[in-house]
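Biologist: Could you walk me through this model and say which rule stands behind each label?

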Amino acid sequence: MPDTRQLSIIPSQHSAAWATAPDAEFGEVFTKRWVVEFILDLVGYTPDKDLGALTIVEPSCGTGAFLGPIIDRLIASCATHRRPLAQMHGAVVAFDLLDINAKLARKSAAVQLADAGLSEEDARSLAASWIHVGDFLLQEHGTGIADFVVGNPPYIRLENVPSSLTDAYRRNCTTMRGRSDIYVGFFEIGLELLKPGGALSFICADRWMHNQYGSALRELITNEYAVDTIVTMHDVPAFEDDVSAYPAITVLRNQRQGAVNIVEASKAFDVKDANAISTWARSTRRRVPSSPMFEASRLNSWYTGDDLWPAGSPSQLALLADIESRFPPLEDPATGTRVGIGLATGCDDVYITRRTDLVEEDRLLPLLRAGDISGGTP
């Protein structure tokens, strides 16, 4: 039987007020079915496993884009492993901030369960036990209660959230710094839920990997978790609506860091390519699949600390990793070598002068420094 502990549902008056505001924006972008199936394959939520003994969490379920495939796989697994479907109350935990979304998701789930053979009463009861109205970022979840956390968290900048709610989010999610996007908090709380060996996978904008507001999240991940797979899908039509969100699928695990699968998908990337990648990512084969629709590589390790994760094709990242493994860094305190941004001669007295007779005129370049314009005139 799955762990029967339930995530406690504590309503937030600020969240409730926001959810009912007529002009509120909730950053909802719904994911296509084949992309959901791809994510479930990547984390290992597959029907051949005894899914009834495991717990999967969907933190922002909407009307059920992820729940539909999750329930289909759970039904198939229960049939294979001879588990009573009606007793799967702890196998799925889902949240949505909006009551209307939760109602629609429960209704759809109940239909799936009834089609699988449950009575209407049991189907409605099981769906109701799975799907909750609540703010995922402000619940008292506990830790180590989920084998999987998957979803498509909302895309909302903190400045577009009511200030009272922003303050609550920042208190509860320490990685939400600066002009953060709300999905950063979903990563942090989702990771806290994972049991040892558990996996989290979200599809969302990849900006947090490459900008300042993602620094605390990157440090949390590299210090306490493992990067497993990153699939960049900037041009792939992964959502039901046409949006420019720079999406990537990220798979993180609650375990020690090992090899990392890096994939860059082209616009034509589809379900066939997704199947090839998920099969390769779950295997130990070092041979990398080749296709005009994607480029892939497998790195032996990942970066540490809160530094920006490098952007580039999988082959470029593999080359960088190889160079870093074989050569010392350019910066070296022993030799005084330093890498900086902007003009840095290392010896201004030699290279900067007001005399025009020291070298040939065509070797001299004009130099403008901050002090030259501080008075507002040239």
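What follows is a short chat about the labels and the rules behind them.

Modeller: This is a predicted model, so local features need pLDDT of at least 70 and side-chain atom pairs count only at pLDDT 80 or more, while totals for chains, interfaces and linings use all residues. Residues are numbered from 1 along each chain as its sequence is written, and side-chain values use heavy atoms, with hydrogens and water left out.

Biologist: What makes a stretch a helix or a strand here?

Modeller: Both are DSSP runs numbered from the N terminus: helices are H or I with at least four residues, strands are E with at least two. The chain has 12 helices and 9 strands.

Biologist: Why is T229 called buried?

Modeller: Buried means under 20% relative accessible area, exposed means over 50%, and partly exposed is in between (1.4 Å probe, protein chains only). T229 has 1% relative accessibility, so T229 counts as buried. T229 sits in strand 6 (residues 226–232). Across the 378 residues of the chain, 48% count as buried.

Biologist: What does T229 touch?

Modeller: Leaving out residues up to four places away in sequence, T229 touches I249, T250, V251, N261 and A281. A contact means heavy atoms within 4.5 Å.

Biologist: What makes R33 and E37 a salt bridge?

Modeller: A salt bridge needs a side-chain nitrogen of Lys or Arg within 4 Å of a carboxyl oxygen of Asp or Glu. For E37 and R33 the N to O distance is 2.9 Å, so the pair passes the limit of 4 Å. The two are 4 residues apart in helix 2 (residues 33–43), which means they are separated by about one helical turn.

Biologist: Which other residue does R33 pair with at 2.8 Å?

Modeller: That would be D72, in another salt bridge. This pair links distant parts of the chain, with R33 in helix 2 and D72 in helix 3 (residues 67–81), 39 residues apart. R33, at 41% relative accessibility, counts as partly exposed, and D72, at 34%, is partly exposed too.

Biologist: Are R253 and D228 buried or exposed?

Modeller: Both are buried. R253 and D228 form a salt bridge, with the closest N and O atoms 2.9 Å apart. Here strand 7 holds R253 and strand 6 holds D228, 25 residues apart, so to speak a link between distant parts of the chain. By this rule the count comes to 15 salt bridges.

Biologist: How many disulfides are there?

Modeller: The count is 0, where a disulfide is a pair of cysteine sulfur atoms within 2.5 Å. As for the cysteines, C61 is buried at 3% relative accessible area, and C78 is buried at 4%.

Biologist: What makes helix 7 mostly covered?

Modeller: In helix 7 (residues 183–193), 10 of its 11 residues are buried. Those buried residues pack against several elements, including strand 1 (56–58), helix 6 (163–172) and helix 8 (215–224).
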